[in-house]
Amino acid sequence: MKIHFLKNKSIKSFLDFFSRVSISAIFISAIPGKINDFERTVEYISSKGIPEPISSILLVGAIICLILGSGFFIFGENQKIGSVFLLLFIIPTTIIFHLFPFHQRAVFMNLALIGGLIITAIREPK
């Protein structure tokens with residue numbers, strides 16, 4: 001089954017942009033909470049066995065990955081950079097916070113996001 005409207009470059013460009021905004025929405029929505037509740041988030045990270053000074057550094061790194069990753073992923077000429085930043089955030093987050101104990105819904109949602117980011121990271125430039 002051929003979908004002819006997908007051959008239109010304007011439609012393909014719009015769908016590509018819309019898809020990147022849609023994927024980034026979950027990451028962008030996480031930024032304000034991490035900044036506004038910084039101390040509480042550090043405490044939560046520390047509750048997973050990570051020392052508090054390292055938790056603070058990891059949280060700053062996570063915020064930077066979320067901001068730069070989302071920006072490059074949506075607006076960057078090379079979305080691969082953005083996808084790598086977002087992968088640097090979501091893979092360890094999934095392992096640390098959702099595997100033990102296993103949070104099925106969060107793990108599978110994150111796996112879907114990881115898959116989409118990997119597709120972007122490995123796809124050939126236009």
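## Exercises on a predicted model

T120 touches F73, Q79, K80 and S83, leaving aside residues up to four places away in sequence.

### Exercise 1. The setting of T120

Determine which element holds T120 and whether T120 is buried or exposed.

Solution. 

Step 1. T120 is placed in helix α5, which covers residues 104-122.

Step 2. The relative accessible area of T120 is 6%. Buried means under 20%, so T120 is buried.

Step 3. One of the contacts of T120 is F73. F73 is among the buried residues of α3.

### Exercise 2. Salt bridges

Solution. 

Step 1. Begin with D16 and R20, whose side chains meet in a salt bridge at 2.9 Å, N to O. Both residues belong to helix α1 (residues 9-36) and are four residues apart, about one turn of the helix. An α-helix has 3.6 residues a turn, so residues three or four places apart point the same way.

Step 2. Turn to D16 and R123, whose side chains meet in a salt bridge at 3.0 Å, N to O. This pair links distant parts of the chain, since D16 lies in helix α1 and R123 in the segment after α5, 107 residues apart.

Step 3. The remaining pair is D37 and R40, with the closest N and O atoms 3.0 Å apart. Salt bridges that share partners join D16, R20 and R123 into one network.

Step 4. Assign the burial classes, for which under 20% is buried, over 50% is exposed, and in between is partly exposed.

| Residue | Relative accessible area | Class |
|---|---|---|
| D16 | 13% | buried |
| R20 | 8% | buried |
| R123 | 27% | partly exposed |
| D37 | 32% | partly exposed |
| R40 | 57% | exposed |

### Exercise 3. Helix α3

Compare the span of helix α3 with the expected value, and state which elements its buried residues pack against.

Solution. 

Step 1. Helix α3 runs over residues 52-75 and has 24 residues.

Step 2. From its first C-alpha to its last, helix α3 reaches 34 Å, close to the 34 Å expected at 1.5 Å a residue.

Step 3. The buried residues in α3 are S55, L59, A62, I63, C65, L66, G69, S70, F73 and I74.

Step 4. These buried residues pack against α1, α2 (38-46), α4 (79-98) and α5.

### Exercise 4. The largest pocket

Describe the volume of the largest pocket, the residues that line it and the classes to which they belong.

Solution. 

Step 1. The largest pocket holds about 680 Å³ of space.

Step 2. Its lining is made up of 27 residues, of which K34, F89, T93, F97 and H98 lie nearest the centre.

Step 3. The elements giving two or more residues to this lining are α1, α2, α3, α4 and α5. With eight residues, α4 gives the most.

Step 4. Sorted by class, the lining has 19 nonpolar, seven polar and one charged residues. K34 is one of the lining residues and Lys counts as charged, so K34 is the one charged residue of the lining.

Technical notes: Residues are numbered from 1 along each chain as its sequence is written. This is a predicted model: local features need pLDDT of at least 70, side-chain atom pairs count only at pLDDT 80 or more; totals for chains, interfaces and linings use all residues. Side-chain values use heavy atoms; hydrogens and water are left out. Buried means under 20% relative accessible area, exposed over 50%, partly exposed in between (1.4 Å probe, protein chains only). Contact means heavy atoms within 4.5 Å. A salt bridge is a side-chain nitrogen of Lys or Arg within 4 Å of a carboxyl oxygen of Asp or Glu. The expected span of a helix is 1.5 Å times one less than its number of residues. On a 1 Å grid over the protein atoms alone, a cavity is a set of points where a 1.4 Å probe fits but cannot get out, and a pocket is an open set with protein on both sides within 12 Å along at least five of seven lines; lining residues have an atom within 4 Å of a point. Grid points are joined across faces, edges and corners, and a volume is the space filled by probe spheres set on the points.
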